[in-house]
Amino acid sequence: MPVNFLTEPLISFTILLLAIFLVPPLFERLKLPGLVGLLLAGVILGPNGLHLLNSKSETIKLLSDIGKVYLMFVAGLEIDIEQFRQTKNRSMGFGFLTFLAPLIAGIITGRLFNFSWNSSVLIGSLLASHTLLAYPIISRLGVIGNEAVTVTIGATIFTDTGALLLLAICVGIHGGDFTAFKLFTLLGGLAIYSVVILFGFNRVGKEFFRRTGEEEGNQFLFILLALFLASVGAQVIGVEKIVGAFLAGLAVNGVLGNSPVKEKVEFVGSVLFIPCFFVDMGLLIDIPAFIKTLSSIGLTAAIVVALISSKFVAAFLAKIFYRYNNSEMLTMWSLSLPQVAATLAATLVAYQSLNPAGERLISEDVLNSVIVLMLVTAIMGPIVTARVARFLQVTPAADWKTDSLSVWWESQEAVIEQPEKADNRLQQDYPPFIVVVPIYNPLTQRYLLEMAALLARHESGQIMPLAITQAHVNMDDPTLVTALEKSQERLRLALKISQEFDVQASPTIRIDDDVALGISHASREHNASLVVMGWGNTRNFRARLFGSLIDKVFWSSHCPVAVTRLLKSPTEIKRILVPVGDLTRATIGTVRFAQILADANQAEVVLLHISQRLIPAHQVTHFTSQLSDIANQSKLQVNTNILTIVGDDIPKIIIEQSEGFDLVVLRSVRYRTAGGLAVSEVTTQVINNLKCSIVMLGQPQ
């Protein structure tokens, strides 16, 4: 019998995977969002194209439904609750403005085009939310600490929650027979349900994670269960399931933090389920109707203009109320422009919502207009953000002293200034400086130990050479015995090297199932100040880092981790280059690390700041002044110079300037993409082309 492509689930799923695998990278090469490519793939593969996929098939419906709730779950998960708390009053103020202005604009637009009041309010709610699509851009520019950015991020809670509440009410009214009593019942049930989800799931989740420890598999399943329980619970009380998914994301936000489990949860959604949702959105696009909508462009233009202008009005009012400058206003506007996650999920729900007479809550024209709106804002928002956010100023964080390297540095300055109080101060306030050095390869461990010894000797501390041996079921297993003997041999060599530097060493062997967690656990048990690790060939660095031992140590360690590629003995390092792009705590910790190493070796430190061409000269001068203040706060005689170069090709400039330097110290910069996680492109290009030694410093999560 011939196979029917439209009904065979396995074939449909295979075609979906092919589209998800091939299309987004192609569009990203064309500098277009990968999600746009998925929409187009749905159009081509659907009933208006090759007829290979059908949105009414059970496979597509299931995967799209999961993708829809997953999209809203991740939206809740990505909201930084701590940032919201820091500026909650202003976040709520801007949230109210950027929710109310588009809501009113959407209602007016709906009424102008003769939609019912209920449909018009729904259109307004679709415009009221926003997606932080440009978050990776502001993260890479190092301006997340700017108050205007923090306020906009915090406002997402208000806009998304408000939009979803209006969606629930509009869908309920559209279902017919909706009285004031039913509205009161719905709101009361939603309020009780929200409290149960937000507080119950949070408390249960923390207790479950505490009991399960490092069982990431069970923790991952618990988070998925929380997502789908919340979605089903929302349907039980008569509310759309995406509302429950969003609340579940907010609830487990504090439970997951920045843990590896959060990465896995978001990874599964971003590479499989969420792309399925966007392909399904493409399947729903009727090409003739879409062309007709564009030919009679009135509604589409009205919706796009209403969104762009109302979001600008909200940002302008925030500028007046909170006294922000033009760059901050434009950044707030551009960050709140993209209409992707909540907007598309809510649009699909509204489009599929039928009343007893079989009428849709919003017409196909509105659906097509919202898709155009998504395309316009998804491209326009990040472009504007990239242009205006670079002009933002971020005051150096006052909490730089909370960085573990900086705290130790300050303690040493106190010892130098008041020797008579040294023993008492160190004993009471500061633990001994311990550098953990995981060793495995006898050919590379010498340079690692030399670097650790230089740092420990400078700080009057000690090193802890650490050999991790993989556990076996039987502790008398011959393989384990042999491995322990090899570990002892490596530790004897480590002890010999430490004696050469006159540094106290505490060689340690640990038997553990997981090497990365063994390193993190040992460093935590001994309250280490730093972990120094090595890596070899840097080819395909991104693939080697993520999911690898190094990345797991980065995520689980309580202290800074220095990952090194040393081409010569650290004792020969005389010139150190430190690229500085922002003044965050992580960057300041990187500067401190370089200064400690330089002082131990009588070396020179050069702080390289690359200023893009569009940044005003006075802003560059201000940044350089702030950087100079930070660099010179130490009382130690470290020759620290600042080099500012104007240019846009950051990797190329760093590589060119590194010539003549013995070591380049970088900080680990990672950011989230639609396909998961990636190392900063700048970092990747730099480490693949540097001809000198490298240290990449990762801060604890």
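Which residues touch the most other members in the largest nonpolar core?

A: This is a predicted model, in which local features need pLDDT of at least 70 and side-chain atom pairs count only at pLDDT 80 or more, whereas totals for chains, interfaces and linings use all residues. Residues are numbered from 1 along each chain as its sequence is written, and side-chain values use heavy atoms, with hydrogens and water left out.

A nonpolar core is a set of buried Ala, Val, Leu, Ile, Met, Phe, Trp, Tyr and Cys residues joined through side-chain atoms within 4.5 Å. Buried means under 20% relative accessible area, exposed means over 50%, and partly exposed lies in between, with a 1.4 Å probe and protein chains only. The largest nonpolar core has 119 residues, and those touching the most other members are Y70, M72, F73, I242 and F278. If neighbours within four places in sequence are set aside, I242 is in contact (heavy atoms within 4.5 Å) with K68, V69, M72, L164, L167, A345, A346 and V349. Another core, of 49 residues, lies apart from this one and includes V532, F593, L607 and V638.

The strand to examine is β10. Helices (H or I, at least four residues) and strands (E, at least two) are DSSP runs, numbered from the N terminus. Strand β10 covers residues 663–667, and because four of these five residues are buried, the strand is largely enclosed by the rest of the structure.

Two strands pair if DSSP finds at least two bridges between them. Strand β7, residues 575–579, pairs with β10 in the parallel sense over two bridges, and L577 stands opposite V664 of β10. Strand β13, residues 693–698, also runs parallel to β10, joined to it by five bridges. Within β13, S693 is the bridge partner of L663.

The loop between α27 (650–657) and β10 contains F661. With a relative accessible area of 10%, F661 is buried. F661 and I576 are separated by 85 residues in sequence, yet their C-alpha atoms are 6.0 Å apart in space. Beyond its neighbours within four places in sequence, F661 is in contact with R575, I576, L577, V606 and C692.

For contrast, consider D502, in the loop between α21 (478–500) and β3 (504–505). Its relative accessibility is 71%, so D502 counts as exposed. The phi of D502 is near 55°, a positive value in a residue other than glycine.
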